[in-house]
Amino acid sequence: MAAAQIPPPDRDAVLAMVAGYRDRAPGEVGEKLDSLELTWLVAQVEQRYGVELELTDEVFAGMATVTGAVDALRAVLPAATGGRAGG
């Protein structure tokens, strides 16, 4: 049976995942992500998608904002999931 396709996270999904860190509402998450929020986000994405993301320092640094994280995840998830994300 083929794995279900899960679309890459959009802005709302990223905010919701980051909000899980420190147990707060998505509206309380700022645009800029600190290193702990970013580490939490990567762990949440890996768990949700069943992948291990191998992010370069450049990609990781580009994820320092919510917008950057959304863009980076849309770029790296399809490769990490063998094309299952989005598609």
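The chain has 4 helices and 0 strands. Helices (H or I, at least four residues) and strands (E, at least two) are DSSP runs, numbered from the N terminus. From that terminus on, the elements run α-α-α-α. The model is predicted: local features need pLDDT of at least 70, side-chain atom pairs count only at pLDDT 80 or more, and totals for chains, interfaces and linings use all residues. Residues are numbered from 1 along each chain as its sequence is written, and side-chain values use heavy atoms, with hydrogens and water left out.

Of the 87 residues in the chain, 34% are buried. Buried means under 20% relative accessible area, exposed over 50%, and partly exposed in between (1.4 Å probe, protein chains only). The chain exposes about 5,100 Å². Carbon and sulfur atoms supply 54% of that area. Accessible areas come from the Shrake-Rupley method with a 1.4 Å probe; for residues, only the protein chains shown count as cover. Contact means heavy atoms within 4.5 Å. Among contacts between residues at least 6 apart in sequence, 58% join residues at least 24 apart.

Helix H1 (residues 11–19) packs with helix H2 (residues 35–49) at an angle of about 110°. Their axes are 9 Å apart. Axes are lines fitted to C-alpha atoms, for helices over the stretch in contact, and angles run from 0 to 180 degrees between N-to-C directions. H1 and H2 are therefore roughly perpendicular to each other. Angles under 35 degrees count as roughly parallel, over 145 as roughly antiparallel, 65 to 115 as roughly perpendicular and the rest as oblique. On the H1 side, the contact involves Ala 13, Val 14, Met 17 and Val 18. These meet Glu 37, Trp 40, Leu 41, Gln 44, Val 45 and Arg 48 in H2. By class, the contact has 7 nonpolar, 1 polar and 2 charged residues. Ala, Val, Leu, Ile, Met, Phe, Trp, Tyr, Cys and Pro count as nonpolar, Asp, Glu, Lys and Arg as charged, and the others, Gly among them, as polar.

Glu 37 is found in helix H2. At 5% relative accessibility, Glu 37 counts as buried. Leaving aside neighbours within four places in sequence, Glu 37 is in contact with Val 18, Tyr 21, Arg 22, Arg 24 and Lys 32.

Gly 50 is found in the loop between H2 and helix H3 (57–62). Gly 50 is exposed, with a relative accessible area of 60%. Gly 50 and Ala 80 are 30 residues apart in sequence. In space they are 9.3 Å apart, C-alpha to C-alpha.
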